[in-house]
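Please examine the structure shown below.

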Amino acid sequence: MPELPEVESLRLTLSCTVLGKTIRAVEIRRSSLREPIACELSTALVGQQIKALARRGKYLLLRLDKGTLVIHLGMSGSLTHRVAARGENSLACGERRSELATALPLDPKHDHLQLSLNDGTELVYNDPRRFGLFKFVEVEDANSLPELKVLGPEPLTDEFNQAYLAAKLRRRKAAIKNVLMDQRVVAGLGNIYASEILFHAGVRPTRKAFSLTLREIGRVVDGTKTVLARAIDAGGTTFRNYLDSRGRPGRFASSLSVYGRAGESCPRCLGKIRCIVLGQRSTFYCPRCQK
DNA sequence: CGCCCGACCTGAGAGC
DNA sequence: TGCTCTCAGGTCGGGC
C-alpha cells in the first residue's frame with residue numbers, strides 16, 4: 001500500500017501530534033508480521049520518549065531515548081493516532097487512565113499493536129495482510145540496519161540525479177519500471193508512482209533500462225521529484241485503503257495521470273490508457289505519449 | 001551478480 | 001445468499 005509519499009505524510013502528521021510524548025503502555029495483540037514482533041518490545045518501549053520522527057524510503061523511524069522504532073507498513077498497514085477509547089477521567093487520574101485505555105480496539109481483527117501515550121492518546125498499528133514490520137533496535141542510527149543499509153538514495157535529495165541514475169541503469173536489461181521499483185537503486189518508489197513517473201517522463205515502462213538516453217534519464221529524475229513532491233503536498237494517494245494518522249484518506253488519487261485508469265483518456269493526448277502486467281504487477285501507460 | 005517467479009496473508013469485489 | 005476467482009500500494013528467497 002504505502003509508498004514514500006504516504007509514509008512521509010504519516011511522518012509529517014505524527015510530528016505534530018506524538019513528538020515529545022512518552023510511551024506508557026504497549027499492547028501486542030498479534031505478533032506475526034513479516035517477522036515476529038519481539039515479546040520484549042513492551043518492556044523495551046515503556047517509559048521512552050519519542051524524540052524525533054524520520055523516514056528512510058518506505059520505512060518510518062521513531063527515534064526514542066534509547067533506540068529507534070522501525071516501522072514498515074507493508075502492503076496494507078496503517079498507523080493511526082487517536083484518543084483512547086476509554087479513560088475520560090481528569091488528568092489527575094492519568095495513571096489509571098493509561099491502564100483503562102488499552103481496551104477496545106476499533107478493528108479487533110487487525111489492530112495488532114497499540115502504544116498508549118502519556119497524554120491519553122494512542123498509536124495503533126493496523127495491518128490486515130501482515131506484510132509489515134514493527135521492531136525496536138537499540139541504536140541511534142537505524143541506517144546501519146540490514147534493511148536500511150541496502151537502500152538507494154532518497155529520491156528527493158541531490159544524491160538522486162541524472163548522473164547517478166545513468167550509472168545505475170547502464171548495465172541493466174530489466175524493464176525500467178522494475179528497476180525504478182528496486183529499492184537498492186532508489187528508495188521509496190512502488191507500483192503506483194513508478195507508473196506515474198514514467199508517464200511524466202514520456203518513457204514506456206517496458207523499455208530496457210540500459211536503452212534510455214541521457215535526456216530520458218533526466219526526465220525520469222525530474223518526474224520522480226515532481227510527482228513525489230506533489231503527492232506529499234496532497235497527503236499521499238488513497239487508491240484502495242490507505243489512511244493517514246487521523247484515519248483520513250490521501251487526496252492525490254484524483255491527480256493520478258495513468259495509474260488505475262485503463263481505458264480512460266490520456267490527460268495529455270486524449271489517447272487511450274493501457275494496462276499491462278510487468279513483473280507480475282499492473283502497469284499503466286499511454287502508448288502514444290510514452291516511447 | 002542480475003533477472004524472474006512464487007510465496008507470504010487476508011479482504012474486497014466481480015461473476016455465477 | 002454464497003461460492004469461487006482475481007486482484008491488491010511490498011519484500012524475500014530460490015533457481016537459473
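The structure holds 16 salt bridges, a salt bridge being a side-chain nitrogen of Lys or Arg within 4 Å of a carboxyl oxygen of Asp or Glu. This is a predicted model, in which local features need pLDDT of at least 70 and side-chain atom pairs count only at pLDDT 80 or more, while totals for chains, interfaces and linings use all residues. Residues are numbered from 1 along each chain as its sequence is written, and side-chain values use heavy atoms, with hydrogens and water left out.

One of the salt bridges joins E8 to R11, with the closest N and O atoms 2.9 Å apart. Both residues lie in helix α1 (residues 4–17), three residues apart, about one turn of the helix; helices (H or I, at least four residues) and strands (E, at least two) are DSSP runs, numbered from the N terminus. E8 and R11 are both buried, where buried means under 20% relative accessible area, exposed over 50% and partly exposed in between (1.4 Å probe, protein chains only). Together with R55, R56 and E154, they are linked in a network of salt bridges.

Another salt bridge is formed by D65 and K51, whose closest N and O atoms are 3.4 Å apart. This pair links distant parts of the chain, 14 residues apart: D65 is in the loop between β3 (59–64) and β4 (67–72), and K51 is in strand β2 (residues 50–56). D65 counts as partly exposed because its relative accessibility is 33%, and K51 counts as partly exposed because its value is 47%.

The nonpolar cores come next. A nonpolar core is a set of buried Ala, Val, Leu, Ile, Met, Phe, Trp, Tyr and Cys residues joined through side-chain atoms within 4.5 Å. The largest has 36 residues, of which L165, L169, I176, Y193 and V220 touch the most other members. The elements giving two or more residues to this core are α5 (162–169), α6 (176–180), α7 (191–201) and α8. Apart from it lies another core, of 27 residues, among them L10, L14, V18 and L115.

Two residues other than glycine have positive phi values. R130, with phi near 60 degrees, is found in the loop between β7 (121–126) and β8 (133–137). L270, with phi of about 70 degrees, is in the loop between α8 (214–233) and β9 (274–278). At 26% relative accessibility, R130 counts as partly exposed, whereas L270, at 67%, counts as exposed.

Terms used: Chains lettered and ligands numbered in written order.
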